[in-house]
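Dear colleague,

I am handing over the structure below, and my notes on it follow. Please read them with the model open beside you.

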Amino acid sequence: MSKDDVVKKSAELLRQGATMLSLTCPICGSPLFKLKNGDIVCPIHGKVIIARDEREVKEKLSVNIYDSIIEIAYKRLKELSKKVIDSEDMENESKIADLLYKWMNIIEKAKRLKEEQSKQI
């Protein structure tokens, strides 16, 4: 990514309401930005996890894993929902409905675990 691209991306983050922090990316040295949702991002590398020690790194990574699981599950739900709409086979719809139910349970459990982990931090 060129220097101009970094400046453009940084300007876009500011236009979107992000706040430039006094911290820099540990990888590239670019200024970090705090998004409205609380995420800290580098204009080059995306989401960055800031931690004071190894224990905090492990805690934050585990919460991040739950976010990834939830994101994947939502994508699968969307894909399966489209299949139900397109399907004309009742037996196939039943199988898809079972999968939808399983993915919804995964989301529920991941959210619960994430919440429990966040309380421990």
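pLDDT is the predictor's confidence in each residue, on a scale from 0 to 100. The chain averages a pLDDT of 84, and 88% of the residues score at least 70. Confidence is lowest in strand S4 (residues 46–48), with a mean of 79, and highest in strand S2 (residues 31–34), at 92; strands (E, at least two residues) and helices (H or I, at least four) are DSSP runs, numbered from the N terminus. Where pLDDT is low, the predicted coordinates should not be read in detail.

This is a predicted model, in which local features need pLDDT of at least 70 and side-chain atom pairs count only at pLDDT 80 or more, while totals for chains, interfaces and linings use all residues. Residues are numbered from 1 along each chain as its sequence is written, and side-chain values use heavy atoms, with hydrogens and water left out.

On the cysteines, the structure holds zero disulfides (a disulfide being a pair of cysteine sulfur atoms within 2.5 Å). The sulfur of Cys28 has its closest cysteine sulfur in Cys42, and because the two are 3.6 Å apart, they are too far for a bond. Cys28 is partly exposed, with a relative accessible area of 34%, whereas Cys42, at 3%, counts as buried; buried means under 20%, exposed over 50%, and partly exposed in between (1.4 Å probe, protein chains only).

Turning to helix H3 (residues 90–120), Ile106 has its place there and, at 33% relative accessibility, counts as partly exposed.

With kind regards
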